Amino acid sequence: MDAQQPGSSSVDELVEQLRARVEERRRSGAYPPGLEHDLDAHYRHVAALRSGGRSIRERVDAVHDAAEFAAENIATSSRFRGGSLLHRLVAKTVARQTQGVLSQVRSFAQAVQDVLEAMVEPLELVDQTAGSAVSQQLEILHALIASQQQALNAQRADLVEIIDRRVREARPTDVAEAPFEPWYESERFEAAFRGSRRELLERYRDLTQRFAGCEPVLDIGFGRGELLQLLDELGVAAKGVETDPVLVKLAAERGFDAVLDDGNTYLRTLEDGALGGLALIQVVEHLGAQELVDLVALAERKVRPGGKVIIETVNPQSLYVFARSFYLDPTHLRPVHPSYLDFLFREAGFSAVEIEWRNPPKRHEILQEVPGDDEAARRINANVANLNALLFAAQDYAIIATR
Amino acid sequence: MEIHQIVVAAAPGDAITNTALEYRRLLRCAGPSDVFAAHRDPALTKKVLPLAEYSRRSSAKTGENLLVVHLSIGDLQLSRFLAERPERLVLVYHNITPPEFFAPYDAAFARLLREGRRELARLPERVQLAIADSEYNASELRALGFPRVRVAPLVVDPAHLHAVRPDHALTSKLSALDGPVLLFVGQLLPHKRPDLLVEAYHVLVTKLVPEATLILAGYPRLAAFERVFVQLVRELNLPGAWLLGGVTPEELVAAYRGATVFVTASEHEGLCVPLLEAMAFDLPVLARAFTAIPETLGDAGLLLPADSDPLLLAEAMAELCESPALRVELVARGRRRLEAFDPDTARAEFLAALLEVA
């Protein structure tokens with residue numbers, strides 16, 4: 001404002017500047033569209049909720065206002081010539097009667113108003129008492145909700161802290177179990193480290209024989225589908241489940257019955273006793289502890305009596321495995337001890353459980369005995385045998401459980 | 001002949017009661033003078049007499065006294081009294097709040113206001129002289145057909161507030177604040193539009209001046225409206241809006257001294273004393289142009305158009321908070337404006353008006 005020119009014009013100018021600023025804020029989006037209407041609507045909403053509506057008293061007041069009876073209120077004007085004069089003459093002539101009627105109407109109106117008053121007062125009292133009781137209860141509820149909210153907030157803060165702590169504590173496991181989505185193709189990985197297709201076909205030919213007469217077989221985690229091929233060659237109907245879509249596609253292209261799914265999830269969809277055989281070749285070392293026990297329980301339900309479950313996995317009793325192969329696969333979670341797996345199948349009620357040691361280290365890799373038959377040679381060779389058992393036991397084992 | 005005053009309801013802190021007591025002090029210089037009320041607050045039973053007592057006065061026998069009537073709300077007792085008494089009447093009109101403001105919250109009180117206006121409409125023939133404390137009030141009286149209407153400013157004497165020691169607790173709370181303090185003084189009633197004020201304040205702190213504080217000092221006389229208002233403040237989530245309720249003179253002075261700006265969004269004022277008090281405490285004033293507010297403020301204040309919404313109010317609040325030059329200018333104008341409300345001049349004008357008929 002210009003201090004040299006006091007007066008309404010400078011105030012008007014300032015008001016215009018202020019208006020322009022409001023418009024500018026609207027345009028820039030600082031004020032959301034319809035802000036002032038939203039505020040107004042919000043106030044009306046609160047007012048309607050908290051103050052109550054038009055009262056009976058107001059309606060009675062309207063009756064009061066309408067009860068102004070007077071002869072002067074009777075129109076004497078007329079559209080006809082001399083009509084107005086005639087009206088006034090008639091009005092004057094019957095003034096006594098008119099006043100009489102008006103007086104009766106007034107008395108009647110007064111009586112009606114008295115009755116209404118008598119009715120409204122107790123009603124208002126009830127309204128006010130009930131209204132204040134209700135609003136009191138609402139206040140109590142409001143306070144209660146607010147305190148509950150505070151308590152909840154406090155509890156939530158506690159929970160968040162507990163969860164945070166647990167997450168921090170459990171981080172190593174969580175990191176290992178986090179989804180792993182490599183940019184390379186699984187088939188390339190398998191080809192590089194598991195051996196050629198031909199080698200694998202040779203390696204599993206004998207194991208596949210154990211499924212003879214156990215139709216149909218479900219192969220969970222079929223990988224490149226070697227077992228499916230061997231089963232096909234054996235004439236045993238089989239189906240494969242895999243979580244890797246590329247591998248599923250490749251298997252389907254080779255003509256195998258392949259499904260993209262998680263093994264346990266797929267098993268749950270099957271009817272009990274639907275399977276003659278279940279195979280998991282190099283799979284359980286990828287499972288969590290809970291998934292493994294669930295798998296065994298599901299196998300017990302889905303494989304019919306006489307059927308077979310064959311699980312081949314790395315052998316943690318061989319330290320060689322950890323030096324050479326186990327950590328090659330970044331998706332390996334933990335090796336499963338053969339005694340534990342044996343225990344699981346027996347606990348689940350399988351009739352027979354046998355363990356087959358497979359894939360021993362090559363002969364030139366293990367410790368060699370020393371020649372001779374003297375005491376020293378015998379001791380050394382006994383130690384060599386102990387060390388070989390510890391270091392160079394079979395790299396894999398298979399559990400063959402009969403339902 | 002004696003001059004006595006009649007009010008409907010006498011209560012401590014009520015502007016009409018205070019005016020009547022101020023006038024009594026003047027009138028007693030000339031002779032016996034009392035204030036009679038149809039309803040009296042227990043705190044005032046010694047200062048104000050019951051209306052029924054007037055007729056028992058020996059001076060009332062002849063009917064030659066002059067009665068100064070302060071009309072506010074309708075009252076059956078007062079209506080009968082005025083209808084029965086033969087005395088000449090002088091009306092002092094401070095305005096009657098239009099009942100529409102109250103109808104949604106308190107139908108009974110709205111009815112009393114409506115009856116007050118009906119009573120007013122019956123008076124032109126009885127009244128020798130009508131005194132209005134603002135031109136706005138005078139124009140209402142003329143429209144109702146009062147033949148003799150005079151404007152005499154209300155006796156507003158902020159000097160007595162300057163003598164009051166500010167409340168220590170409120171003063172230290174206010175001095176601990178970082179941001180500007182906006183102050184509203186007035187009863188929390190619908191026509192004062194405190195709802196609009198907090199909506200504007202909501203915009204101010206969310207968009208423009210986050211550190212601002214809003215103080216509302218005034219007694220909430222209407223429970224239903226108070227509920228609505230408190231709920232609104234709660235829902236708008238305004239921890240910086242302080243609802244002080246009724247305040248002591250010490251707290252009022254602390255608020256005036258600690259504030260940066262005086263704000264009101266009121267839509268109906270017969271005069272608006274807090275505007276003058278704010279000027280007396282060197283506060284710039286922000287208001288909207290309704291009823292008697294423009295003539296009370298004159299050029300001393302940032303007067304927004306009547307249709308100003310919360311956004312414009314918030315923008316004006318921000319401007320006043322952030323422009324020291326504007327505040328200085330408005331404070332200077334406020335001091336000049338107060339000269340028109342010199343209390344001694346107001347007293348003289350009231351007496352001069354009475355002399356015309358006494």
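Modeller: Happy to; we can start with chain A and then turn to chain B.
Modeller: This is a predicted model, so to speak of local features we need pLDDT of at least 70, side-chain atom pairs count only at pLDDT 80 or more, and totals for chains, interfaces and linings use all residues. Residues are numbered from 1 along each chain as its sequence is written, while chains are lettered from A and ligands numbered from 1 in the order in which they are written.

Biologist: Thanks! How many helices and strands does the secondary structure of chain A come to?
Modeller: Chain A has 15 helices and seven strands. Helices (H or I, at least four residues) and strands (E, at least two) are DSSP runs, numbered from the N terminus.

Biologist: And what share of chain A counts as buried?
Modeller: Of its 403 residues, 20% do. Buried means 20 or more other C-beta atoms within 10 Å of the residue's own, exposed means 12 or fewer, and partly exposed is in between, with C-beta atoms placed from the backbone.

Biologist: Where is the cis peptide bond?
Modeller: A:E215 and A:P216 are joined by it, with omega about -20°. A:P216 sits in the loop between helix 8 (197-209) and strand 1 (217-220) of chain A.

Biologist: What about A:N359, what is its phi near?
Modeller: Phi there is near 60°, a positive value in a residue other than glycine. A:N359 belongs to the loop between strand 6 (352-358) and helix 15 (375-391) of chain A, and is partly exposed, with 17 other C-beta atoms within 10 Å.

Biologist: Over to chain B. Is B:R193 buried or exposed?
Modeller: B:R193 is buried, having 22 other C-beta atoms within 10 Å. Its phi is also positive, near 50°, and its loop runs between strand 8 (181-185) and helix 7 (194-208) of chain B.

Biologist: At what angle do the axes of helix 7 and helix 12 of chain B cross?
Modeller: Roughly 60°, and the axes come within 8 Å; helix 12 covers residues 310-322. Axes are lines fitted to C-alpha atoms over the stretch in contact, with angles from 0 to 180 degrees between N-to-C directions. The two helices are therefore oblique to each other (under 35 degrees is roughly parallel, over 145 roughly antiparallel, 65 to 115 roughly perpendicular, the rest oblique).

Biologist: Which residues make that contact?
Modeller: Among them are B:L196, B:E199 and B:V203 of helix 7 and B:L313 and B:M317 of helix 12 in chain B. Contact means C-beta atoms, placed from the backbone, within 7 Å.

Note on methods:
Two residues are in contact if their C-beta atoms, placed from the backbone, lie within 7 Å.
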